[in-house]
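Hi,

Here is the structure I said I would pass on.

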Amino acid sequence: MTNDRHSEKRKYMNFGKILLAGGTGYLGGYILKQLVEQKYDTRAIVRDHKKVSISSSNLEVVNAEVTRPETLKGIFDGIDIVISTLGITRQKDGLTYMDVDYQGNANLLKEAESCRVKKFIYVSVLKGDELRKLKICEAKEKFVDRLKASPIDYCVIRPNGFFSDMGDFLKMAKGGRVYLFGNGHLKLNPIHGADLAEMCIASIHSDEKEINIGGPDLLSQNEIGKMALETYGKPPKIVHLPDWLRRSILWGFRTFTGSKTYGPIEFFMTTMMMNMQAPLYGNHHLADFFRKQA
């Protein structure tokens, strides 16, 4: 994958307004910033407009709750393209993955269908279809199924882990050791939110139905651990733990905590035992991100 997707045939050159759902999240914030900077006519739906710090003549911010479909009435008027990054991260309001990642997006799609929106762009996860047994992916992929069955044109973006997800490596490295399950040879190429936002916007003009995407640096877990330790000037102390311990930890979280507690842990600990290589894309490098965070 290269950065020349902007030169693809622009199928939607004459579209009107873009609706962004999830604009106050990690990725959504980058998408909103780029949409405004690139002069796209944008409407962002949020639960609290005070969380939006951007103000521009081409941005309209509307309060709505995707889990309450009655609040979405009229919001899709004049909308041609929907971009949704909706999903539970750290909310503590009692909602489940099925409430938000599936039903919230399904409510958006239903309203988009009734208003004849041209295209719906949704951000899921890399290898999400293989990971349906995980609580996070179960809800996301159920919505992907619903989206594919819709008469609306669509694109599913499937990113690798975000740079922000690599913060656990830095936390361990600050203490002088990085702990990994297995031999640490499995590879991944996490992506910066700004690079992923660029691809999400480029997909407006693309005919591709699914886009797998990762950052520009393909690294083994050992290499990421070493990089994190070097960031703090620590010697390369990496401890490799047996997989039975990982399975025991997962069992404990699944048994004694709720899905919103163990969901992110379940996802992280499962994907860390998989090769998570995606097509290389972007200009932001993990080493630079680590230095900035530290």
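Contact here means heavy atoms within 4.5 Å, and buried means under 20% relative accessible area, with exposed over 50% and partly exposed in between (1.4 Å probe, protein chains only). Helices (H or I, at least four residues) and strands (E, at least two) are DSSP runs, numbered from the N terminus.

Before you go further: this is a predicted model, where local features need pLDDT of at least 70 and side-chain atom pairs count only at pLDDT 80 or more, while totals for chains, interfaces and linings use all residues. Residues are numbered from 1 along each chain as its sequence is written, and side-chain values use heavy atoms, with hydrogens and water left out.

Back to α2. The buried residues there include Tyr 97, Tyr 102, Leu 108 and Leu 109.

Helix α1 (residues 26-37) gets a similar check: 12 residues should span 16 Å, and its end C-alpha atoms are 17 Å apart, which agrees. Leu 27, Ile 31 and Leu 35 are among its buried residues, and their cover includes β1, β2, β3 (59-63), β4, β5 and α5 (193-202). Just after α1, Lys 39 has a positive phi of about 70°.

Lys 39 is also touched by Asn 58, along with Leu 35, Val 36, Tyr 40, Asp 41 and Thr 42, leaving aside residues up to four places away in sequence. Where is Asn 58? In the loop between β2 and β3, and it counts as buried at 11% relative accessibility. Its side chain reaches the backbone oxygen of Tyr 40 at 2.8 Å and makes a polar contact with the side chain of Ser 56 at 2.3 Å. A polar contact is a pair of N or O atoms within 3.5 Å; within protein, one must be able to donate a hydrogen and the other to accept it, and residues adjacent in sequence count only if both atoms are side-chain atoms.

Cheers

Key
Expected span 1.5 Å × (residues − 1).
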